[in-house]
Amino acid sequence: MKMVADERHVSQQPEPWVGERRLGHIVNRSGGLFIFVETLSQYLMKHRNPKPPLDRLLAGPSEEASVELHKLYLAVIESRVDSEEAESRLIARAVIGAAAHRALCDESIAAFTGLQLATVSSWVDDLGSLLYRDETINGGIRVRHISILEYFTGPFCPLDFRVDVKQANVELGLYCLRTMITELRFNMCKLETSYRTNSEIEDLNERVQENISDVLQYSCLYWSDHLCSSVNLVSKEVCEYVDIFLRGLRLLYWLEVLSVMGKVPVAIKALKSIIGSRRMFEGEIVHLAEEALRFVLGFLTPILTSAPHIYLSALPFTPSESGLWRTACKFFPKLMRVCEGRMTKWPGIVGLWKGHADVIYAATIVQVAYSPDGLNAVSASLDQIVQIWDAATGTPIGEPLKGHTGAVLSVAYSPDGRNIVSGSEDGTVRMWDAFTGTPVGEPLKGHTEDVRSVAYSPDGRNIISGSADQTVRIWDAATRATVDEPIKGHTGAIMSVIYSPDGFNIVSCSLDQTIRIWDAATGTPIGEPLRGHAGAVACVAYSPDSQNIVSGFENSTILIWNVATGTPVCEPLRGHAGVVAGVAYSPDGQHIVSGSEDHTIRIWDAATGTPAGDPLNGHTDIITSITYSPDGRNIISSSGDNTIRTWDAVTGKPIADPPAGHTGEVTSVAYSPDGQNIATGSTDRTIYIWGAETGILVNGPMKGHIGQVDSVAYSPDGCFIVSGSEDCTIRIWDAATGSPVGEPLKGHAQRVRSVAYSPDGRKIISDSFDETIRIWDVLTGTLVGEPLKSPNKPVTSIAYSPNGQSIASGCSDGTIQLWNAETGSPIGEPLIGHISLVKCVAYSPDGRNIASGSSDKTIRIWDAVTRMPVCEPLKGHTDSITSIAYSPDSQRIVTCSYDNTIRVWDAAAGTPVGDALKGQLKATLLPKGIVAYSPDGRYIVSGSLDRTVRIWDAQHISNKNKTVSSTLFDLPRDFLNNVLFNSSGPNAVSSISLDPKSMDSEGWVHCADGILMWIPEDCRSGVTSQALSTIPPEAQRRCVRLDLSSFKYGSSWKDIYHDTG
């Protein structure tokens, strides 16, 4: 009080103006709250004579401290604010409404409200007892204490002064929208080049402050927070503004601002808020927000990395029929163009998700988990990556999360959905930003073996991990430090850990055949271990009410336990025929879902333990994890078949039918004689027939083999298909109906490696791992003569001569043997030249030559009559040749190799035709049927481990075309060295593909000056492959070609924009 007296020159004579009695009253009324004394001092210093206002405050009996504080706040407001003044209330709503997010300065409040700056400043000055300007945030107006904010918005403040928070948010939402619509524009920070990433621009923060006003920054960050703060329908005016914002170019400009501010996750949160508030907005606005979110999630990498590439790299790949593209295209005429393979619409709902590595044995998806809002899912895989997915469509979001150096065995979302935690075979636990995919801090280290399970506590404060080192560790999610010592007790690897929904307990299960419950606070065991049937406990889950635990066992059973008593609630749940690898409760606790090694999913009544409907079938390998969506409507499952599937939790049916096609690698392909269809065989034991032009399924799956199909071939009249299998049998199929013809042909003692029809269609030849060649009568299905066998020379491949008189066979000793097809006797001496196993042989259609491919990486061409080499060995492949075929005119040869390439050769000259064709995953171990020519010679077909068939242009082989001069194009020379041209001359750049080596792991294509362009994940396979199409048609495998004839980039990137107004 002395400070007040000194400041206001209050006379202390004849006695102090605040004596001990009055000082006692002040202390009594303050209730010990410092904010009372501080506010009182600030208030009194606003008066020339502080005695009268102090007398008024101390009049009457003393009340509770909170009441006295509210009386003081009211006195401050009444003394300085006119309750009838609309401007005053308007300012109050803006200041108090914004305070929950970020304090705004006087200038921003004035800009928002449209009031004079002097009016706003005067209001703030008048309430200086309650407010102050924080110079650390550009003079943002702050309340001196949180209780002041609560008073302004709470019931104790008189209506004349009370801030209506709902009205404040509506007004602020409108202010934000108007600001963005007015101020947002192209290239706001005046970036000179597109070569540099945001992080490489040293003065980017300064540019943001200079070019983006404080009020625009605020608007871009918080507009949706204000609009979605209520559950009431928004006004027509708000809807109109949101529609304008989401429908036009301002959406792109908004993302540009967020990109340079480093706040891109705000876009995801904002758009999700609009979508989640669909009851408040018109349906069209929700649709626009959904499309905008698809854009952000689909092109998150370029948006995060470089603002110019929102336009250069994201916009060109936006579906051509999307509203965003239709609006933007006329303003951006100088972009690269996706001339082939561009999507017309955003991907729809799929019931089968693919995205992890295509090498099946390395890509088992171990676990999948939903985000708390159910909009996304995250998966862990043996390929060492974590992938985030759009839960509605099953499309991957952003780049894979990479950092682990071993298989990722477990993933989980934080309760607020902001972070993801993963555990790995490398012994570490990692945290990731769920919006950006970037690592959060360093890996959490402590375990000495595989981390097999991770989970968040319900409050998000802690993370638990269970390991093969037999311990459970608790980590502080904020500091990433361990909490206390490891929890010990298990004597085997821990398979699963989880918190109880109430957060009080932790449960773990182990290979030691026990389940243990631990106190989450102390880490001490609760009760004795739970022991059920013999065998390891593979998985465990809590009921939503924390009363029960369900566990899956190695012995195919499931048990439900009472947590309090530690005893089973009912008899074991039986039905699975293999290890139960995943269990989960439905959110309402009424059902349990389980997934098993038997490839099935089962739903159970949680109260009775009885099955609820039939098993869910679809996966072709072990179900590795299973869980319900947060709303309980869907079930999501991951599998060793490298897929994720979604199911309707009520009906048990797939959310969408999975695309037709093989579920295993394609081991053999064959064209029908008329070129209309293609037959494929697979490790999934089936045969399919596809339309060669459309890639659409014609027939299949044709089932009958009980082992993988190693070879397929058409009869010369196209009426039948023959197949050879791992099951040692040969089957004939009706090509029109897909039904088997007669009984299987049996005789081989081991797997049938390859099969072929004789040119007249009367006979079939087969070779087998039993080292024999057999000839079969098609009509009777009986063996013709004795098996053909070369002494000490196991047969590895076979081919009929075009006249049907001879058979050529490749042998494991590197030789080729010719046989009389009628007598079965050898013709002359073997053809000697290869130095290793001959994996494939083929006759030229004119019958003059034989071509052979070998493990020695060479191709040899032989004169079929003289049996002498025609030319020097054909060299170019860097690994074993796995398949070989002649063009119908005998002029060319096509080969496939383990080096992941297909090559075309001039059969007369023995020289390569163009560059190697790339884009097919590593060929299978099977030597026959992996490549073939179409009957008209226009196309080449190939099959691969990635379960697809690709069709290639056999007449126009892409090459780097050194005759295409870089002077023709305004493109970097080093980039042109990585371009594969499909034509020469001035138009060559209008349809190009890229060398895979030109692109980094995140899809960026670089040149000497920096980043040139970014390619979306779903286009990378297609743009780096010369294949024309893929069977079955699939977005991830489609052919993609780029037109760079008008592409502006680097220092010219600003020229992409053209203001049509």
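This briefing describes selected helix contacts, a cavity, a salt bridge and some backbone features of the structure above. The model is a predicted one.

**Helices α6 and α10**

- The axes of α6 and α10 come within 9 Å and cross at roughly 85 degrees, and the two helices are therefore roughly perpendicular to each other.
- On the α6 side the contact is formed by Leu-90, Arg-93, Ala-94, Gly-97 and Ala-98, which meet Gln-167, Ala-168, Glu-171, Leu-172 and Tyr-175 on the α10 side.
- Sorted by class, this contact of α6 with α10 holds six nonpolar, two polar and two charged residues.
- Side chains of opposite charge can pair when their charged atoms come close.
- Here Glu-171 and Arg-93 meet through their side chains in a salt bridge, with an N to O distance of 2.8 Å.
- Because Glu-171 lies in helix α10 (residues 165-183) and Arg-93 in helix α6 (residues 86-99), the pair ties together parts that are 78 residues apart in sequence.

**Helices α12 and α14**

- Helix α12 (residues 214-227) and helix α14 (residues 250-261) have axes that come within 10 Å and cross at roughly 105 degrees, which makes α12 roughly perpendicular to α14.
- The residues of α12 that take part are Gln-217, Cys-220, Leu-221 and Trp-223, and they meet Trp-254, Val-257, Leu-258 and Met-261 of α14.
- By class, the contact of α12 with α14 is made up of seven nonpolar residues and one polar residue, with no charged residues.

**The second largest cavity**

- Rolling a probe the size of a water molecule over the atoms shows where empty space is left.
- The second largest cavity has a volume of about 50 Å³, and its lining consists of Ile-26, Arg-29, Phe-36, Leu-40, Leu-54, Leu-57, Leu-58, Glu-68 and Lys-71.
- The elements that each give two or more residues to this lining are α2 (20-30), α3 (34-44), α4 (51-58) and α5 (65-80), and α4 gives the most, with three residues.
- The lining of the second largest cavity has six nonpolar and three charged residues, but no polar ones.

**Backbone features**

- Most residues other than glycine have a negative phi, and most peptide bonds are trans.
- The peptide bond from Gly-700 to Pro-701 is cis, with omega near 5 degrees, and Pro-701 is found in strand β33 (residues 697-703).
- A cis peptide bond also runs from Ile-1031 to Pro-1032, with omega near -5 degrees, and Pro-1032 lies in the loop between β61 (1027-1031) and β62 (1041-1043).
- Asp-484, although it is not a glycine, has a positive phi of about 65 degrees, and its place is in the loop between β15 (471-476) and β16 (487-488).

Key. Residues are numbered from 1 along each chain as its sequence is written. This is a predicted model: local features need pLDDT of at least 70, side-chain atom pairs count only at pLDDT 80 or more; totals for chains, interfaces and linings use all residues. Side-chain values use heavy atoms; hydrogens and water are left out. Axes are lines fitted to C-alpha atoms, for helices over the stretch in contact, and angles run from 0 to 180 degrees between N-to-C directions. Helices (H or I, at least four residues) and strands (E, at least two) are DSSP runs, numbered from the N terminus. Angles under 35 degrees count as roughly parallel, over 145 as roughly antiparallel, 65 to 115 as roughly perpendicular and the rest as oblique. Contact means heavy atoms within 4.5 Å. Ala, Val, Leu, Ile, Met, Phe, Trp, Tyr, Cys and Pro count as nonpolar, Asp, Glu, Lys and Arg as charged, and the others, Gly among them, as polar. On a 1 Å grid over the protein atoms alone, a cavity is a set of points where a 1.4 Å probe fits but cannot get out, and a pocket is an open set with protein on both sides within 12 Å along at least five of seven lines; lining residues have an atom within 4 Å of a point. Grid points are joined across faces, edges and corners, and a volume is the space filled by probe spheres set on the points. A salt bridge is a side-chain nitrogen of Lys or Arg within 4 Å of a carboxyl oxygen of Asp or Glu.
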